[in-house]
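Please examine the sequence and the structure before reading on.

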Amino acid sequence: MNDTTTDPTRILHGIDFSGNHEMWTPGCGDSKVWIATAEMQRDMLRLAELRPVQHLPGSAHPFERLIVLLRLGDYCAAAIDAPFSLPARHLPEGGWLTLLRDVERFPKAERPFATGADLVAYAQQNAPLEKKKPLRKTEQAWATRGVSIRSTLWNGPRPGAPFTVACLTLLAKAKRPVWPWTQADRGLLVEAFPAGQLQDWGLEHQGYSESGPARDRILKEVSRRIDIPGPLYRCCRGNADALDAVLCLFAAKAAVEGQATVEDPAAATREGWIATHPG
């Protein structure tokens, strides 16, 4: 993507996600869904805003407010810490676009998105599970490097299926271009993985969910890559989900700068790919 003289400041969003529908409710006071907004001039980032999803403007359900934010496309790229697809063998005959269409039609009752069990049942209609926790190629790559990653079709303890069905619903409703299937100068959605981003940088990628020395060391290093004003720095220091939202910004930056790489293009065409920034 190329900068233009008419838009020298580019907007990026980083979104820490949750498959727990309670985290999205309007009255949730301890939401794990956070949105980081940064301004980028040339290759320099400055964190401009950091807020839970409930603080997005509007009176609709917070999930719908995020859909509106993404659908408007008033940003260069938004990166989300959640899976964008399923392992290839569990995709429908029409591929990824059919998957989005089908998931959008899942019954949701009073929830903003369907359940993880609904997604697992759907995937098993396309192909039986060969493993309890099947991984996409991009997830296998991170597991090989020793980074813990959730399976999109695991609905047991520490499940990945609820994350996946929530994110697929979001993608289907936002109707924005999605990397790596497409590129765009505005409103591009990108899959992020904060733990993978930290590992790529040679930083601690586990054990920072609780405040303490590990998170302080991570923040110190991240601050070399993005200007974080004092109040927002303190927010990251006190909240791991806010920090993860900031880390997601770098997947968006990588896509904007053309630095997000794909190790297996054939797999990425079907299953998508996680983006990280090398710098």
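## Helix packing and pockets

Helix α8 (residues 230–238) packs with α9 at an angle of about 115°, and their axes lie 5 Å apart. Axes are lines fitted to C-alpha atoms, for helices over the stretch in contact, and angles run from 0 to 180 degrees between N-to-C directions. Helices (H or I, at least four residues) are DSSP runs, numbered from the N terminus. On the α8 side, the contact (heavy atoms within 4.5 Å) is made by Cys235, Cys236 and Gly238, and on the α9 side by Ala240, Ala242, Leu243 and Val246. By class, this contact has six nonpolar residues, one polar residue and no charged residues.

The model is predicted: local features need pLDDT of at least 70, side-chain atom pairs count only at pLDDT 80 or more, and totals for chains, interfaces and linings use all residues. Residues are numbered from 1 along each chain, and side-chain values use heavy atoms, without hydrogens and water.

A pocket is an open set of points on a 1 Å grid where a 1.4 Å probe fits, with protein on both sides within 12 Å along at least five of seven lines; lining residues have an atom within 4 Å of a point. A volume is the space filled by probe spheres set on the points.

| Pocket | Volume |
|---|---|
| Largest | about 870 Å³ |

The largest pocket is lined by 33 residues, and Asp81, Arg150, Arg158, Phe163 and Asp244 are the closest to its centre. Helix α9 gives the largest share of this lining, three residues.

Definitions and conventions. Helices (H or I, at least four residues) and strands (E, at least two) are DSSP runs, numbered from the N terminus. Ala, Val, Leu, Ile, Met, Phe, Trp, Tyr, Cys and Pro count as nonpolar, Asp, Glu, Lys and Arg as charged, and the others, Gly among them, as polar.
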